[in-house]
Every structure is written in structure tokens, then in C-alpha cells.
Amino acid sequence: MAEPRKRRGTGRVTLADVAKLAGVGSMTVSRALRTPDQVSDKLRDKIQQVVDELGYIPNKAAGALASGQSYSIAVILPSLAEKACTSFIPSFQQVLNQAGYQLVLGYSNYSMEQEEDLLSTLLASSPAAVVLFGSERSVKSKNILENAKLPVLEVAELNPLAIDMNIGVDHYEAGKAMTRHLIGQGYKNIGFVGAHGEQAILRKQLRGWQAGMIEGYLTPDHFLTTHESPSINLGCEGVAKLLLRQQDLDALICSHEEIAMGALFECQRRVLPVPKGLAVACLDGSQFSEQCYPRLTAIHIDYPKMGEEAARKLLNTLDDNNESNIKQLNIGFTLQERASS
């Protein structure tokens, strides 16, 4: 009946293969796939049946080059586990999918060199736009992006020096707001424990804590940071090391929720009451902050909302909408006070 499906190693199914089996010309197949309203229902159904039978996948990159229009968005993720990435992507993808766009993902593991390689690879497929997390780019990456002449959206961190568009949070203000809150609660010896995540974000959180301490006429001496990923172990280690340096430490701000939970576990192990013995807070809370014991005071960032807003901003730019003239958007944050402080 039908010709057998091409076997592995004989090359991908082509438009010509579909046309041959359907008994029509290649241009007719192309028209049926790209502008189906220009083909009769009967012929369109016949061609679609052959497409499904052969497993034909249109060459989107070639189509983008021919038409000057692409429906793929290149996204480079620095982490496959951190909240900023895992909470942002679903809502971002949903809005773009509804507009006919698909995401092509790359994973850099916070490596600038890996990001350079990924950009070179992903841009070869002619995406409609590029989405990057954080603000730290190598000179080579910046040159690649500027020469590509594509919309570039940097997310998660508010960055006045963004390459093109930017949507994110002022992490300096988040760190400062949490420090002010704890000082307002009467805490005097407030420490800080942070993990790299996005290194620029950690630096801003740390500076915010320092500024809040100085503003309150307190000394920002007691902190522990690492280039490693955030973890429960780091929270345990942070409490142990900072209490060794400063026995009257009375509060601790953690850059990540995992670190704060580790701090709570270490306090429980030491039979150190929270918050009377040591108050604990974090700068990236989620639903887990509401469920742990005691409930964790935290900065909450609405990453799903950030994903939706980022997708709309990108679509406005791709559609030449006037709203795209707004290059930067501060998504803001909320400080949720709970039992741990």
C-alpha cells in the first residue's frame, strides 16, 4: 500500500517524500502546511494523513530563513533546579505557545563559556528572540547578541545596563527590606548566609543586607557566602560557623529557602528556639516557607507572574506593539512575616 517509513540512517523524511506519496507537487504540500485555507479540505486531509504516516517534521530553520519569520524562542537556563527557573518557565511557555511560539532550551550551569557556546548553537537556528537569566554576560556573548540583531530579554534580576529588554526584581532592595524588618523587630546582631545562584544577584542581596545594617547603625560583619549551589547543608554550616564567631547572633538572613530550612534544622538540633534564640528569614520564599516549622519569614517573588509579563513583553516587541517601548519592568516583591521572626 504505502511506501515503508524511512529507516534510521537513510535520512530524514523530506517534503518531496510527502508530495510523492500524496501524489501532488511539493508546492502543494508546502501550501497545505503553511496556508491550509488555500487548499481544499479533501486535499488537506489527504496530505495531513501522509504527514502523520511518514512522521514528517517541517524544517523550521529553513522556513525561517526563507520567510524571514521564526516561531522559536531560544532560552538559556542557568539552573534546572532553582526556583527562578522552574517557576518562571511554565507560565512563560504557556503564553508564548498560545501565540504559536515554541521554546528551545539550553542549560549553562552558570558558566559564561557554556552560555557562549549555547548562543552560537541556538542562534544558528534563527530564533525569533533570545531569553537569558540574570545580568552576567561575557564580552563574547554580548558581541554575539548585538550582532544577531534580535530581541533579547534578560529576566529575574533588574539590570539598568541590560542589553535590550529586562524584567526582574531589585534584589538589593529585597535584602535591605528584610534587614530593616528584622531591625524593626528588635534584632541587633543579624548575620547573612548566601549561595551563588546567580552571582550578581547574591552580590546585590549581600549589599542590601549591609546597607540595611549600616542604616540601623549596626555592623555588617557576620556573613558566609559560597560559590556552591544553595543547600540545606549550607544552612546548617552557616548557623554553626556564625555562632562560633558571634555567640550573641540573634537573627539570620538566607539567600535561598533551602539554606533557611537547613538553618532551622540546625537550630532544632542545638535545641535553640526560633525566633527567641535565633530568628531566621529568607529572600526567596515559596509555599514551603508556609509549611515548615516554625513558618518561615520570607521575601516572595511572583515568578509565574514574571513569566507571563515577560512573554507579553516579548510578544509586543515581535508584533511591533508600542508597549514594547517600555524596555524595563520591575516585577516587585512582598515581605511575608511569619513565626520564624
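Q: Please give a close account of E309: in which helix does E309 lie, and which residues is E309 in contact with, leaving aside its neighbours within four places in sequence?

A: This is a predicted model, in which local features need pLDDT of at least 70 and side-chain atom pairs count only at pLDDT 80 or more, while totals for chains, interfaces and linings use all residues. Residues are numbered from 1 along each chain as its sequence is written, and side-chain values use heavy atoms, with hydrogens and water left out.

E309 belongs to helix 13, which spans residues 303–318. Helices here are DSSP runs of H or I with at least four residues, strands are runs of E with at least two, and both are numbered from the N terminus. E309 is partly exposed because its relative accessible area is 27%; buried means under 20%, exposed over 50%, and partly exposed in between, with a 1.4 Å probe and protein chains only. Apart from neighbours within four places in sequence, E309 is in contact (heavy atoms within 4.5 Å) with I167, L329 and I331. E309 can also be placed relative to V95: the two are 214 residues apart in sequence, yet their C-alpha atoms are 9.2 Å apart in space.

Helix 13 also holds G307. With a relative accessible area of 0%, G307 is buried, whereas E309 is partly exposed. Not counting residues up to four places away in sequence, G307 touches F88, S91 and F92. For one of these, S91, the separation from G307 is 216 residues in sequence and 5.2 Å from C-alpha to C-alpha.

Two packed helices are described by the angle between their axes and the distance between the axes. The axes are lines fitted to C-alpha atoms, for helices over the stretch in contact, and the angles run from 0 to 180 degrees between N-to-C directions. Helix 6 (residues 112–123) and helix 7 (residues 139–148) have axes 9 Å apart and pack at an angle of about 20°. These two helices are therefore roughly parallel to each other; angles under 35 degrees count as roughly parallel, over 145 as roughly antiparallel, 65 to 115 as roughly perpendicular, and the rest as oblique. The crossing of helix 6 past helix 7 is left-handed, meaning that the near helix is turned anticlockwise from the far one by less than a right angle, with clockwise giving a right-handed crossing. Helix 6 contributes M112, E115, E116, L119, S120 and L123 to the contact, and helix 7 contributes K140, S141, I144, L145 and A148. By class, this contact has six nonpolar, two polar and three charged residues. Ala, Val, Leu, Ile, Met, Phe, Trp, Tyr, Cys and Pro count as nonpolar, Asp, Glu, Lys and Arg as charged, and the others, Gly among them, as polar.

Helix 1 (residues 15–22) and helix 2 (residues 26–34) have axes that come within 8 Å and cross at roughly 105°. Helix 1 is therefore roughly perpendicular to helix 2. Here L15, A16, V18 and A19 of helix 1 meet S26, V29, S30 and L33 of helix 2, a contact with six nonpolar, two polar and no charged residues.

Most residues other than glycine have a negative phi, and most peptide bonds are trans. S126 is not a glycine but has a positive phi of about 55°; S126 is in the loop between helix 6 and strand 3 (129–133) and is partly exposed at 22% relative accessibility. Y217, also not a glycine, has a positive phi of about 60°. Y217 lies in the loop between helix 9 and strand 7 (223–226) and counts as exposed, at 79% relative accessibility. The peptide bond from V274 to P275 is cis, with omega near 15°, and a cis bond with omega of about -10° joins Y293 and P294.

Finally, the structure holds zero disulfides, a disulfide being a pair of cysteine sulfur atoms within 2.5 Å. For C267, the closest cysteine sulfur is in C236, at 9.2 Å, which is too far for a bond. C282 has its closest cysteine sulfur in C254, at 7.3 Å, again too far for a bond. C267 is buried at 0% relative accessibility, and C282 is buried at 0% as well.
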